[in-house]
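Please keep the sequence and the model in view while reading.

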Amino acid sequence: PLGIGPALQHALGVGIAAGAVAAVTGLALLVNKQRELIDQQAKMAQRLHTTYLSLANLGRAGELAGVGLEQIEVGARQLDINLGKALQGTNAQSDAFKRLGLNAREVSALPLDERISKINAALKENISSTERSAVAADVFGARGASMILSLDPETIAEAARQVKIFGLNLSEVD
């Protein structure tokens, strides 16, 4: 029907079929890889006592601010430890939260992205720029403080908006 011989028609058919199989195989690999990444982030969210959505927001905020998810994880782990110390009344951490004007118990109940946003907003509002890094180190740890400080509330809010737009706002059930 195309004005070509049966042998060429057969070869074209085989080529198209092979291309379709390759495309489906490639798509399946891509989907499996994405599911693995989602599973890894869900497990990380559990380790950090937060939700998948919160971690997705922070991951995107990190991309916007030039901070890797590994660096966010380091700061978040130290924040978790230091919140515990503040709740137990350890001087440096308790004093840091008092200076921020934040209740450590209330902050610890928030999802991680909101926790970081609230702390960073309080750092900006209540702590002078010359002391900000030192107080941030008492909250996020010396290694994580400078990176976590770059995740300001506006960046986190924009990241959350983008996560929603891109359809990456999965629930724990999803």
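A residue is called buried when its relative accessible area is under 20%, exposed when it is over 50%, and partly exposed in between, using a 1.4 Å probe and counting protein chains only as cover. This is a predicted model, in which local features need pLDDT of at least 70 and side-chain atom pairs count only at pLDDT 80 or more, whereas totals for chains, interfaces and linings use all residues. Residues are numbered from 1 along each chain as its sequence is written, and side-chain values use heavy atoms, with hydrogens and water left out.

**Salt bridges**

A salt bridge is taken here as a side-chain nitrogen of Lys or Arg within 4 Å of a carboxyl oxygen of Asp or Glu, and the structure holds 5 of them.

| Pair | Closest N to O distance |
|---|---|
| Glu73 and Arg47 | 3.6 Å |
| Arg77 and Glu73 | 2.7 Å |

The bridge between Glu73 and Arg47 links distant parts of the chain, with Glu73 in helix α3 and Arg47 in helix α1, 26 residues apart; helices are DSSP runs (H or I, at least four residues), numbered from the N terminus. Arg77 and Glu73, by contrast, are 4 residues apart in helix α3 and are therefore separated by about one helical turn. Glu73 counts as buried because its relative accessibility is 13%, whereas Arg47, at 44%, is partly exposed, and Arg77, at 39%, also counts as partly exposed.

Salt bridges that share partners join Arg47, Glu73 and Arg77 into one network.

**The nonpolar core**

In soluble globular proteins, nonpolar side chains tend to be buried together. A nonpolar core is defined here as a set of buried Ala, Val, Leu, Ile, Met, Phe, Trp, Tyr and Cys residues joined through side-chain atoms within 4.5 Å. The largest such core has 33 residues, of which Leu79, Phe97, Leu100, Ile116, Ile119 and Phe140 touch the most other members. Helices that each supply at least two residues of this core include α2 (52-65), α3 (69-88) and α9 (153-165), and α3 gives the most, with 6 residues. Contact means heavy atoms within 4.5 Å; leaving out residues up to four places away in sequence, Ile119 touches Leu79, Phe97, Leu100, Leu102, Val107, Val139 and Phe140.

**Helix α4**

Which residues of α4 are buried? They are Gln93, Ser94, Ala96, Phe97 and Leu100, and they lie on the same side of α4 because they cover an arc of only 160° around the axis, the arc being that of the directions from the helix axis to the C-beta atoms. On the other side of α4, Asn91 and Lys98 are exposed. The cover over the buried residues of α4 includes α3, α5, α6 and α7. After α4 comes Gly101, whose phi is positive, near 75°.

**A buried threonine**

Thr155 lies in helix α9 and counts as buried because its relative accessibility is 16%. Apart from neighbours within four places in sequence, Thr155 is in contact with Ala61, Leu64, Ala65 and Ser150.
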